[in-house]
Amino acid sequence: MAVLEIKNLGISFGGLRAVNDFDIQVQKGELYGLIGPNGAGKTTVFNILMGVYKPDSGIVRLNGKDITGKRTKDVNRAGVARTFQNIRLFQKLSVLDNVKVGLHNHYPYSTLEGVFRLPRYYKVEEEMNQRALEILKVFEMDDEVHIDAMNLPYGKQRKLEIARAMATNPQLLLLDEPAAGMNPNETMELMETIKFVRDEFDMTILLIEHDMKLVAGICERLTVINFGEILAQGETSEVLKDPGVIKAYLGE
């Protein structure tokens with residue numbers, strides 16, 4: 001059974017058909033790429049997956065369970081996490097606290113317990129601190145726990161965003177242009193981080209990216225979308241040779 005299965009997905013905004021008859025299957029442990037020119041509909045697909053938009057047609061299944069149109073928090077609880085093209089960290093919170101934000105689904109305490117600092121509050125906070133430190137150690141950021149996120153180098157902010165997503169304990173990780181704004185050295189480090197996350201956490205990853213070196217270097221299969229419709233799909237090396245794909249990116 002595929003971790004992610006999308007069938008006949010479609011959505012319109014006014015008279016614009018942003019995504020039309022979109023199908024994809026991502027298998028467990030796969031590192032899958034979703035690529036296409038600007039405005040092709042890639043982020044719209046991610047927003048539908050995360051419940052930001054409700055599709056006009058089609059179905060989204062996570063491990064066989066229908067999650068189509070569910071609220072974002074329910075999609076996250078079901079096992080889907082994402083990062084964003086524009087980094088969305090809590091810039092004035094510490095590295096540790098940013099990761100702890102991702103843990104709140106799994107370490108709950110009531111508002112009353114938090115306001116009055118009841119014993120359960122301290123117990124849960126300590127458990128969260130320990131788990132956040134464990135995650136940061138895996139990402140080799142445990143020496144920076146007290147640094148505000150805004151003071152990290154750009155590449156490490158990307159890394160922290162991925163660490164926070166992993167704190168939600170997902171089964172599927174969506175990465176939206178993680179290499180955007182990175183220099184070549186940072187991009188190489190990011191490639192290693194993504195491979196590490198897949199292997200260390202036995203993670204399934206769906207990746208949107210414009211950097212073709214990164215895509216060719218880590219993605220096993222690709223779907224290319226253009227004007228909201230699938231242009232090509234299959235093994236990465238074959239898809240990148242497709243004349244239609246080359247034309248969509250480079251023109252005639």
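This is a predicted model: local features need pLDDT of at least 70, side-chain atom pairs count only at pLDDT 80 or more; totals for chains, interfaces and linings use all residues.

**Stop 1: a loop residue.** Select Asn63, in the loop between strand 4 (57-62) and strand 5 (65-66). Is Asn63 buried or partly exposed? Its relative accessibility is 32%, so Asn63 counts as partly exposed. Check the backbone too: phi of Asn63 is positive, near 50 degrees, in a residue other than glycine.

**Stop 2: a strand residue.** Now pick Asp21, which sits in strand 2 (residues 16-26). Here phi is near 55 degrees, again a positive value in a residue that isn't glycine. With a relative accessible area of 45%, Asp21 is partly exposed.

Stop 3: Highlight helix 1, residues 42-49.

**Stop 4: a buried asparagine.** Jump to Asn226 in strand 9 (residues 221-226). Asn226 has 19% relative accessibility, so it counts as buried. Leaving out residues up to four places away in sequence, Asn226 touches Pro37, Ala40, Leu231 and Ala248.

**Stop 5: the largest core.** Nonpolar side chains tend to be buried together in soluble globular proteins. In this model, the largest nonpolar core has 45 residues, and Leu160 and Leu173 have the most contacts inside it. Which helix gives the most to this core? Helix 6 (residues 154-167), with six residues. Click on Leu173 and show its contacts: beyond its neighbours within four places in sequence, they include Ala81, Ile162, Met166 and Val197. Apart from this core lies another one of 28 residues, among them Val26, Tyr32, Leu34 and Phe46.

**Stop 6: two helices side by side.** Finally, show helix 6 together with helix 7 (residues 184-200). Their axes are 10 Å apart and the helices pack at an angle of about 15 degrees, so they are roughly parallel to each other. The crossing of helix 6 past helix 7 is right-handed. To see the contact, select Tyr154, Gly155, Lys159, Ile162 and Met166 on helix 6, then Glu186, Leu190, Thr193 and Val197 on helix 7. Colour them by class and you'll find five nonpolar, two polar and two charged residues.

Definitions and conventions. Residues are numbered from 1 along each chain as its sequence is written. Side-chain values use heavy atoms; hydrogens and water are left out. A nonpolar core is a set of buried Ala, Val, Leu, Ile, Met, Phe, Trp, Tyr and Cys residues joined through side-chain atoms within 4.5 Å. Buried means under 20% relative accessible area, exposed over 50%, partly exposed in between (1.4 Å probe, protein chains only). Helices (H or I, at least four residues) and strands (E, at least two) are DSSP runs, numbered from the N terminus. Contact means heavy atoms within 4.5 Å. Axes are lines fitted to C-alpha atoms, for helices over the stretch in contact, and angles run from 0 to 180 degrees between N-to-C directions. Angles under 35 degrees count as roughly parallel, over 145 as roughly antiparallel, 65 to 115 as roughly perpendicular and the rest as oblique. A crossing is left-handed if the near helix is turned anticlockwise from the far one by less than a right angle, and right-handed if clockwise. Ala, Val, Leu, Ile, Met, Phe, Trp, Tyr, Cys and Pro count as nonpolar, Asp, Glu, Lys and Arg as charged, and the others, Gly among them, as polar.
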